[in-house]
Amino acid sequence: MPGQVSQTEFRNAMARVCAPVNVVTTNGAAGRGGFTATAMCSVTDDPPTLLVCMNSRSAQTQLFLENRRFCVNVLTGEHKDLAAVFAGREANMAARYAAADWIDLRSGSQALADAIVSFDCSLTQANLVGTHHILIGEVAEIRSRKDGHALLYFDRNYVHVPTQIGSFGG
């Protein structure tokens with residue numbers, strides 16, 4: 001195919017896309033797991049559904065697929081170290097969870113106690129596309145707080161935006 005984009009070119013271009021940082025967790029019969037992700041977005045509000053992308057080579061992939069539950073925790077600027085811990089700086093899962101405070105949800109999932117927002121989801125679909133699974137989840141419970149500013153990832157670095165930027169459309 002003429003003009004095909006290389007992996008390096010694509011990765012470098014994606015590094016220029018600013019994205020919120022999330023810790024995605026699972027808890028259930030298969031065990032407890034968690035990873036840091038920027039690839040998360042809403043799918044629809046009827047029913048409330050979102051998606052997360054997870055590297056299929058991750059040792060945790062099977063946990064997420066078998067538990068059929070995940071919780072997306074949107075991080076604040078104060079969670080920069082936690083993002084690194086769940087991104088792989090700490091391999092031991094118990095140590096990852098010990099790095100923060102968690103709240104048990106009705107489903108058995110665990111939500112980060114001070115996340116800006118946590119979305120507890122039941123896995124409805126998992127589609128393998130290239131190197132990643134697209135996990136699609138129907139939102140069963142939402143926890144949110146009124147304060148805090150999102151931790152963002154841009155140009156291969158964590159960035160904290162200290163002020164509220166505003167919204168589109170007035």
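These questions and answers go through a predicted model and the criteria behind its labels. Residues are numbered from 1 along each chain as its sequence is written. Local features need pLDDT of at least 70, side-chain atom pairs count only at pLDDT 80 or more, totals for chains, interfaces and linings use all residues, and side-chain values use heavy atoms, with hydrogens and water left out.

Q: How many aromatic pairs does a search of the whole structure find?
A: The search finds 5. Rings of Phe, Tyr and Trp (its six-membered ring) pair if their centres lie within 6.5 Å; planes under 30 degrees apart count as stacked, over 60 as edge-to-face and the rest as tilted.

Q: Why is the pair of F35 and F64 called edge-to-face?
A: The ring centres are 5.3 Å apart and the planes stand at 70 degrees, so the pair is edge-to-face.

Q: Which parts of the chain does the pair of F35 and F64 link?
A: F35 is in strand β3 (residues 33-37) and F64 in helix α2 (residues 61-67), 29 residues apart. Helices (H or I, at least four residues) and strands (E, at least two) are DSSP runs, numbered from the N terminus. Both F35 and F64 are buried.

Q: What makes F86 and Y97 an edge-to-face pair?
A: Their centres are 5.6 Å apart, with 75 degrees between the planes. F86 lies in helix α3 (residues 80-89) and Y97 in helix α4 (residues 93-98), so the pair ties together parts 11 residues apart in sequence. Ring pairs link F86, Y97 and W102 into a cluster.

Q: What sits over the ring of Y97?
A: The charged end of R32 does, 3.9 Å from the ring centre. The criterion is NZ of Lys or CZ of Arg within 6 Å of the ring centre and within 35 degrees of the ring normal.

Q: What is the strand order in the open sheet of 7 strands?
A: The order is β3-β2-β6-β9-β10-β5-β4, with antiparallel pairing. Two strands pair if DSSP finds at least two bridges between them. β3 and β4 (40-45) are the edge strands, since each pairs on one side only. The twist averages 30 degrees from one strand to the next. Axes are lines fitted to C-alpha atoms, for helices over the stretch in contact, and angles run from 0 to 180 degrees between N-to-C directions.

Q: How do you know that β6 and β9 pair?
A: Strand β6 (residues 69-74) and strand β9 (residues 117-129) share 6 bridges in the antiparallel sense. N73 stands opposite S118 in β9, and the bridge partner of R69 there is S122. β2 also pairs with β6, antiparallel over 4 bridges. V23 stands opposite N73 in β6.

Q: Why is β6 called largely enclosed by the rest of the structure?
A: 6 of the 6 residues of β6 are buried, so the strand is largely enclosed. R69, C71 and N73 point one way from β6, while F70, V72 and V74 point the other way. In a regular strand the side chains alternate between the two faces of the sheet.

Q: What surrounds N73 in terms of contacts?
A: Contact means heavy atoms within 4.5 Å. Leaving aside neighbours within four places in sequence, N73 is in contact with residues including V21, W102, Q110 and A115. N73 has 0% relative accessibility, so N73 counts as buried.

Q: What does the side chain of N73 reach?
A: It reaches the backbone nitrogen of L112 at 2.9 Å. A polar contact is a pair of N or O atoms within 3.5 Å; within protein, one must be able to donate a hydrogen and the other to accept it, and residues adjacent in sequence count only if both atoms are side-chain atoms.

Q: Which strands does α3 lie across?
A: α3 lies across β2 (22-26) and β3, at about 115 degrees to β3.

Note on methods: Buried means under 20% relative accessible area, exposed over 50%, partly exposed in between (1.4 Å probe, protein chains only).
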